[in-house]
Amino acid sequence: MKRVALLLTSLFLSAQAMALSLSDLTQQDTATAMKEALTQGAQLAVSELGKPGGFSNNPDVRIELPGKLGSAARTLKMMGMGNQIIALENSMNQAAEAAVPQAQSILVNAISRMSLTDAKSVLTGGNDSATQYLERSSREEIRALFLPVVKQATDQVGVAQQYNAFASQAAGFGVVDANATSVETYVTEKALDGLFEMIAQQEATIRSNPAAAATSMARKVFGAL
């Protein structure tokens with residue numbers, strides 16, 4: 001009986017020690033945890049998306065023809081262009097998959113530059129506040145790397161030129177946005193959207209389940225929310 005009492009006391013004290021509040025955390029702890037969690041999310045996102053099928057097999061990020069062009073795809077298939085459309089969509093997703101690994105070092109560098117003040121603000125933000133910070137800090141730089149990789153990949157597929165001609169003409173009638181008038185620009189933006197969408201999903205997972213964090217510091221800090 002005495003042993004049971006001692007065990008319960010030990011568990012109670014351990015629970016008290018783990019039940020931290022935000023006021024118990026130092027700025028350094030918060031910054032370390034946020035960087036670790038973001039790095040984990042970024043690495044997982046790059047790993048998942050930067051492989052064959054990373055985009056094409058994931059309905060959350062799969063790239064399809066934009067706007068009304070996408071709606072028109074069914075009609076074009078009925079006109080005997082189905083194989084061309086499938087080839088184009090496959091090439092767009094493959095181009096995004098080829099580009100994503102280029103983002104790894106930029107994401108890590110952007111995370112390392114996060115200040116103590118930023119970390120505290122991001123921690124208490126919404127489910128994707130850290131991802132939003134990372135996107136603001138790195139999207140432009142990643143775009144510059146993605147674009148030539150995507151262009152090289154899409155140039156190898158003849159349908160890409162047909163897309164560019166069709167989309168450019170359609171843009172004049174408001175069918176597609178200006179940023180979708182070239183296949184490489186469109187795919188680059190969709191690849192960026194998919195990358196940050198996956199990071200946001202990882203962030204939301206850690207916020208809702210701190211045990212999913214890879215490091216003890218991140219588990220401690222997110223557990224205090």
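Q: How do the axes of helix H2 and helix H5 (residues 116-123) cross, and within what distance do they come?
A: In this predicted model, the axes of H2 and H5 cross at roughly 70° and come within 8 Å.

Q: Why is H2 called roughly perpendicular to H5?
A: Angles from 65 to 115 degrees count as roughly perpendicular. The crossing of H2 and H5 is roughly 70°, so H2 is roughly perpendicular to H5.

Q: Which residues make that contact?
A: From H2 come Gln27, Gln28, Thr30, Ala31 and Met34, and from H5 come Leu116, Ala119, Lys120, Val122 and Leu123.

Q: What makes up the contact of H2 with H5 by class?
A: There are 6 nonpolar, 3 polar and 1 charged residues. Lys counts as charged, so Lys120 of H5 is the charged one.

Q: What makes H4 roughly antiparallel to H6?
A: Helix H4 (residues 104-112) packs against helix H6 (residues 129-155) at about 150°, with the axes 9 Å apart. Angles over 145 degrees count as roughly antiparallel, and therefore H4 is roughly antiparallel to H6. The crossing of this pair is right-handed.

Q: Which residues of H4 and H6 make the contact?
A: H4 brings Ile106, Leu107, Ala110 and Ile111, while H6 brings Tyr133, Leu134, Ser137, Ser138, Glu141, Ile142 and Leu145. By class, that contact has 8 nonpolar, 2 polar and 1 charged residues.

Q: How is the packing of H6 and H8 described?
A: The axes of H6 and H8 cross at roughly 145° and come within 8 Å. The crossing of H6 and H8 is right-handed. Their contact divides into 14 nonpolar, 6 polar and 9 charged residues.

Now for the space inside.

Q: How many cavities of 30 Å³ or more are there?
A: The count comes to 1 cavity at that cut-off. The largest cavity holds about 50 Å³ of space.

Q: How do you know which residues line the largest cavity?
A: Lining residues have an atom within 4 Å of a cavity point, and Met34, Ala37, Leu38, Ala130, Glu203, Ile206, Arg207 and Phe222 line the largest cavity. Helices H2 (27-49) and H8 (183-208) each supply at least two residues of the lining.

Q: What makes two residues of this lining charged, and which are they?
A: Glu and Arg count as charged, so Glu203 and Arg207 are the 2 charged residues, alongside 6 nonpolar and no polar.

Definitions and conventions: Residues numbered from 1 in each chain as written. Predicted model: local features only at pLDDT ≥ 70, side-chain atom pairs only at ≥ 80, totals over all residues. Heavy atoms only, no water. 1 Å grid on protein atoms, 1.4 Å probe; cavity = no way out; pocket = protein on both sides within 12 Å on 5 of 7 lines; lining within 4 Å. Points joined across faces, edges and corners; volume = space filled by probe spheres on them. Helix = DSSP H or I, 4+ residues; strand = E, 2+ residues; numbered from the N terminus. Axes fitted to C-alpha atoms, helices over the stretch in contact; angles between N-to-C directions. Parallel < 35°, antiparallel > 145°, perpendicular 65-115°, else oblique. Left-handed = near helix turned anticlockwise from the far one by under 90°. Contact = heavy atoms within 4.5 Å.
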